[in-house]
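Please consult the sequence and the structure shown below while reading.

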Amino acid sequence: MAGAHRQSGSVAGGTAPPAHRLAAPMQNWLMLLPALLFLVVFTIAPTIVTIIDSFWFTPHGAKAATFAGMAQYEALLADPIFWQALRNNLLYAAVTVPVSIILALAMALWTNGRIKGRAFMRLAFFLPTMLPMIGAANIWIYFYTADYGLIDQIGHLFGAGSHNWLGNPHTALGALMVVAIWKEAGFFMVFYLAALQQIPPSLIEAAQLEGANAWQTFWRVTLPLLMPTTLFVGVNALINSFRVVDQVISMTGGGPDNATSLLIFYVYQTAFSFWDTYYGATISTVLLLGLGLLSFLQFALFGRRVHYR
Amino acid sequence: MGSVAAEDLVKAYGPNRVVDHISFKVAEGEFLVVLGPSGCGKSTLLRLIAGLDDPDSGKIRIGGRDVTGVPGSERGIAMVFQSYALFPHLNVAENITFGLSIRRIAAAERAKRLKRVSELLNLGALLDRKPGQLSGGQQQRVALGRALVAETSVCLMDEPLSNLDAQLRADLRSEIRALQQRLGITLIFVTHDQAEAMSMADRVLLLRGGKIEQLGTPHQLYAHPGSIFVARFLGSPAMNFIDLTENVPGFEGIGERTMTAGLRPEDIRLTLHENGMAQVEASEYLGADCLVTCRLGENRLTIRQNGRNAAQIGARAQLNFDPAAIHLFDTKTGQRLHADVRNARKAHEIIT
């Protein structure tokens with residue numbers, strides 16, 4: 001009975017043993033396994049463990065971990081350095097994200113035109129992206145050095161005084177932001193260049209024949225067609241700005257007086273310098289929630305105005 | 001107002017002269033089709049008229065005014081692109097009124113013109129859609145709408161039908177022709193499709209290698225092709241050519257040895273006859289017509305005949321034609337020779 005039923009259901013599978021068919025979903029899972037394994041081990045499991053840890057106090061020596069409930073979160077709300085790191089990070093994002101996107105777009109528009117040495121210009125703009133952060137940081141530390149640094153030497157020519165750019169709490173964060181913009185803009189430029197080359201020239205010509213000048217063509221045709229790229233780049237830039245840690249470690253170590261402490265750096269410091277790992281987990285969880293919410297808002301608000309082809 | 005004139009236009013890309021000393025005039029309200037094989041310079045010619053490219057030398061006049069060097073947007077022309085060039089992020093209404101809003105035409109006037117154009121082209125139901133949600137034919141209509149809404153007296157079209165399927169192409173052909181007549185616009189229409197040229201044009205400008213090969217009405221080009229190139233380009237299937245260097249049975253006494261004779265497939269009549277000199281090689285049934293390929297000596301001739309008269313492959317046949325239907329060309333230059341060269345022979349020449 002069963003054999004006859006199977007035969008009527010499938011033309012090719014009439015002679016195949018039933019085990020073969022059971023294997024199909026199994027095979028799918030096997031194919032997924034390598035990627036899934038890495039995701040679980042390095043992303044999903046640590047995330048879950050981090051969230052769980054954030055409700056406990058860090059064990060010390062022989063003292064086992066004790067359940068904290070919301071106590072760590074309450075401590076976080078009262079932690080002035082957390083608030084400073086958050087403020088620093090918000091300012092860092094608010095400046096570096098828009099500025100690097102606008103610069104990237106400007107560089108892409110420029111190097112997409114018919115200019116001399118176009119390939120060289122593109123390479124020059126992209127070069128900072130290729131440098132490792134440690135290398136870039138050291139170049140810029142030299143630029144920023146008081147008196148001997150490039151910036152002060154140029155400043156001296158115009159009669160400016162001596163500045164310890166990275167040592168002054170008022171200028172240190174700004175100095176970091178300049179490096180971030182310098183490093184990111186060239187990377188985002190590549191995405192804009194690719195997007196610009198996807199726009200058919202006839203669209204621009206049509207706009208011109210309809211009487212649009214270069215400015216109107218940019219605002220009414222080019223920019224709207226670049227919106228998917230802008231959204232993509234924007235989300236990436238925002239996440240990057242909340243992920244910065246190498247730059248802080250290699251340039252300022254969060255100082256002076258926490259003026260350049262950013263959230264992930266503070267997590268790193270808490271967990272691996274002060275070894276209060278469970279409090280570090282608490283900060284991480286808050287950061288995760290915040291970033292998730294931010295990306296969601298970005299897609300929801302911004303995404304509606306994006307035209308996908 | 002809407003006349004267009006090109007005076008000795010030249011445009012070269014590197015050593016390649018794409019438009020090579022071209023002069024012509026289009027009268028107001030005339031439908032001119034610029035026809036030619038790909039790479040003949042027809043699109044470049046249109047871009048010069050549109051102001052998208054500047055000529056190396058020569059002048060362009062629109063409505064009598066010299067517009068050489070004037071930006072395209074100030075030439076009083078509208079253009080339909082081959083790819084339609086619709087703005088994908090704008091809906092149909094915004095696409096059509098794009099130019100009007102750029103030119104700061106008042107909203108009320110914009111709405112009025114949009115209504116007029118969308119009624120004219122049956123776009124009323126599509127105004128809120130994005131181009132991506134439209135079929136090829138609908139997109140084509142929107143592109144037409146954007147060109148018409150400007151109410152310019154001159155309209156340029158660059159192969160506007162080439163991306164559509166055959167049925168739609170045929171429909172839009174007559175529709176565009178009717179619109180052009182109704183609105184009285186001067187239309188310059190670029191295509192590589194001879195059927196489009198024949199069916200739509202008041203006059204056809206046939207280009208070859210950047211030069212004008214012939215300019216005239218579709219009938220003039222078809223009935224009196226100025227060269228072998230024109231004769232071959234217009235008409236489907238193409239004209240048969242018989243090189244008179246060799247003695248071809250039945251063509252004795254026609255023209256001279258330096259000439260090539262041309263005969264349209266519809267000008268030959270085929271009669272099956274066991275003593276016929278021709279032999280049927282292939283037969284292509286097209287419904288109303290049947291295209292029969294015959295071998296005559298060294299030559300192959302295509303004959304268009306009624307679809308009911310099927311011919312057996314391998315059968316012998318007699319070919320009849322009126323000597324007056326023969327076109328004579330100089331074999332070397334390809335140029336047409338006048339009719340008096342033709343040896344007057346009795347009507348209904350029979351080849352046996």
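In this predicted model, strand β13 (residues 268–272) of chain B and β17(B) run antiparallel and are joined by five bridges; helices (H or I, at least four residues) and strands (E, at least two) are DSSP runs numbered from the N terminus, and two strands pair if DSSP finds at least two bridges between them. Residues are numbered from 1 along each chain as its sequence is written, chains are lettered from A and ligands numbered from 1 in the order in which they are written. Local features need pLDDT of at least 70, side-chain atom pairs count only at pLDDT 80 or more, and totals for chains, interfaces and linings use all residues, while side-chain values use heavy atoms, with hydrogens and water left out.

- Opposite B:Arg269 stands B:Asn320 in β17(B).
- Strand β17 (residues 316–321) of chain B is mostly covered, with five of its six residues buried; buried means under 20% relative accessible area, exposed over 50%, and partly exposed in between (1.4 Å probe, protein chains only).
- β17(B) also pairs in the antiparallel sense with strand β14 (residues 278–285) of chain B, over two bridges, and B:Gln279 stands opposite B:Arg316 there.

- Six bridges connect β14(B) with strand β15 (residues 289–296) of chain B in the antiparallel sense; B:Ala282 has B:Thr293 in β15(B) as its bridge partner.
- Three residues lie between the strands of this β14(B)–β15(B) hairpin, in which B:Gly287 takes a positive phi near 95 degrees.
- β15(B) is in turn joined by eight bridges to strand β16 (residues 299–306) of chain B, and the two run antiparallel, with B:Arg295 opposite B:Arg300 in β16(B).
- The hairpin of β15(B) and β16(B) has two residues between the strands, and B:Gly297 takes a positive phi near 60 degrees.

**The six-stranded sheet**

- Six strands of chain B form an open sheet with mixed pairing, in the order β6-β7-β8-β3-β9-β10.
- β6 (77–80) and β10 (211–216) of chain B each have a single partner strand, so one side of each is left without a neighbour in the sheet.
- Neighbouring strands of this sheet are turned against each other by 15 degrees on average, direction ignored; axes are lines fitted to C-alpha atoms, for helices over the stretch in contact, and angles run from 0 to 180 degrees between N-to-C directions.
- Four bridges pair β6(B) in the parallel sense with strand β7 (residues 154–158) of chain B, where B:Cys155 is the bridge partner of B:Ala78.
- Helix α5 (residues 136–149) of chain B lies across β6 and β7 of chain B and runs at about 170 degrees to β6(B).

**B:Thr186**

- Where does B:Thr186 lie? B:Thr186 belongs to strand β8 (residues 186–191) of chain B, and counts as buried because its relative accessibility is 0%.
- The side chain of B:Thr186 reaches the backbone oxygen of B:Gly2 at 2.5 Å.
- Beyond its neighbours within four places in sequence, B:Thr186 has contacts (heavy atoms within 4.5 Å) that include B:Val4, B:Glu28, B:Ser153 and B:Cys155.

**The four-stranded sheet**

- An open sheet of chain B with antiparallel pairing has four strands in the order β2-β1-β4-β5; its edge strands, β2 (16–26) and β5 (65–66) of chain B, each pair on one side only.
- Strand β4 (residues 57–62) of chain B and β5(B) run antiparallel, joined by two bridges, and B:Arg61 stands opposite B:Asp66 in β5(B).
- Helix α1 (residues 42–50) of chain B lies across β1 (4–13), β2 and β4 of chain B, at about 60 degrees to β2(B).

**Cysteines**

- The count of disulfides over all chains is zero, a disulfide being a pair of cysteine sulfur atoms within 2.5 Å.
- B:Cys155 is buried at 2% relative accessibility; its sulfur is 20 Å from the closest cysteine sulfur, in B:Cys40, which is too far for a bond.
- B:Cys294 is buried with a relative accessible area of 0%, and its sulfur is 10 Å from the closest cysteine sulfur, in B:Cys290, too far for a bond.

**Confidence**

- The model scores ipTM 0.81 and pTM 0.78.
- Chain A averages a pLDDT (the predictor's confidence in each residue, from 0 to 100) of 84, and 91% of the residues score at least 70; chain B averages 88, with 96% scoring at least 70.
- pLDDT stays under 50 over residues 1–14 of chain A and over residues 344–348 of chain B.
- Where pLDDT is low, the predicted coordinates should not be read in detail.

Methods. Polar contact = N/O pair within 3.5 Å; in protein donor to acceptor, adjacent residues only side chain to side chain.
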